[in-house]
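Here is a short note for someone opening this entry for the first time. Please read the points with the model in view.

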Amino acid sequence: MEQILPRKGWAAVYCRLSREDEDKTARESESIRNQRELLLNWAQAHGYRVYRVYIDEDYSGIDRGRPGFNAMLADAQAGKFEVILAKTQSRFTRDMELVERYLHGLFPEWGVRFIAVLDHVDTQDPAGKKARQINGLINEWYLEDLSANVRAVLDHKRHSGCYIASFALYGYRKHPADHNRLVIDPPAAAVVRKIFALYLAGHGTAKIATLLNKESIPPPAAYRTRQLGRPVPSRALWSKVTVRRILATRTYAGDMEQGRVRKLNYKSTKTVRLPPQDWIVVPGTQEAIVDRADFDAVQRMLAARGRACACGQTHLLAGLVYCGVCGGKMELTGTAARRYFRCRTAQRSRAACPGQRYLPMADAEALMQKLLCGDTAPLTRAKVCAAVNKLVVDPPQNGMRPIRVYARPGVVGQGTPAHVG
């Protein structure tokens, strides 16, 4: 591939401001303005024309998804300029891996020079490589320490009964004078009480979701979207998972329950679910939506039903079967004597999907056995997941049931049609 030579005499200016800087500056715009002015003056004094000023406001130096940052990297690779200017190396990145990848790897390949004006960092100086690496380590250590301090402060707030999430829990709203306190939101609270009453009356979570959808009650995410004045998606529906989450949330009984999940580390966006004994619960922090006795009764019912249904194994086709009418997932349900797949969307709302005849579990298993294992070899979930991306089930035609098998490359044909009686 032919190398693209950078445009001589042209520079890019990069400015970044993050949340960790908010306590250090009076206004975000002033900080960005100061960075821009410093770098534009430096470019003029050293005879560079500025191709573009790239700006990322409210982005951490560890964030790899910064739009201005990534646009600048794309233009650098395209040869739009020969120099990147930043106030300090930490404005460019606080991630040591990115320091090595760009400052010491790709930038030299692209013919791009990086200069941090206040740090006196210049990739044209080979003797400064160790200093740049040390700066990178210090910047990363700073973020690690900052993350630990922020986590400690947030945990302290949780233990003090302060509500720290960005949005209020469904059924509540944030107190107008103290956003760390919750007060009841009457319309949503009425729905929460309805859910608990229906469950106590013997309705299951799937049945409750169906009833709420029939009454066109918006689910929590759609309700919040509507409260913000934004358009609500037409297919926003209640699910049994959402209903169960509400039934199991202790906050509705008046106790602040937080800390169910935690980020893996400061560099990752992934979270892990913590065991219940590690959750942070502070009793009596806000007005209860549900009576304590009713809440405790529901927990006993949930626990009993969970023990009755738990088999300890995941079905070999779980999560792989889709409805050919609406494209939604088909869920496995029914008793041990008669298990079958049905369209999850149709169960929530016939307006969203008219539904189709249920697919017996035995028929789906027999099809997979025939396609993957023949007559003798055992069929396992690992074998199915290694071979199949998904099964799309279409309504019956002429007494047969078309099933499209979307397989991983090299196993069975992509979209191979199969039929069951």
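**Notes on the fold**

1. Strand S1 (residues 10-17) and S2 run parallel, joined by 8 bridges. Strands here are DSSP E runs of at least two residues, helices are H or I runs of at least four, and both are numbered from the N terminus. Within this pair, Tyr14 faces Tyr54 of S2.

2. A caution on sources: this is a predicted model, where local features need pLDDT of at least 70, side-chain atom pairs count only at pLDDT 80 or more, and totals for chains, interfaces and linings use all residues. Residues are numbered from 1 along each chain as its sequence is written, and side-chain values use heavy atoms, without hydrogens or water.

3. The open sheet has 5 strands, ordered S2-S1-S3-S4-S5, with mixed pairing. Two strands pair if DSSP finds at least two bridges between them. S2 (49-57) and S5 (121-122) are the edge strands; each has a single partner, so one side of each lacks a neighbour in the sheet.

4. Helix H6 (residues 186-200) has 15 residues. Its buried residues (under 20% relative accessible area, 1.4 Å probe, protein chains only) include Ala188, Val192, Ile195 and Tyr199. An α-helix has 3.6 residues a turn, so residues three or four places apart point the same way. Gly202 follows H6 and has a positive phi, near 105 degrees.

5. The disulfide count is 0, taking a disulfide as two cysteine sulfur atoms within 2.5 Å. Cys343 is buried, at 4% relative accessible area.

Definitions and conventions. Expected span 1.5 Å × (residues − 1). Buried < 20%, exposed > 50% of the residue type's maximum accessible area, 1.4 Å probe, protein only.
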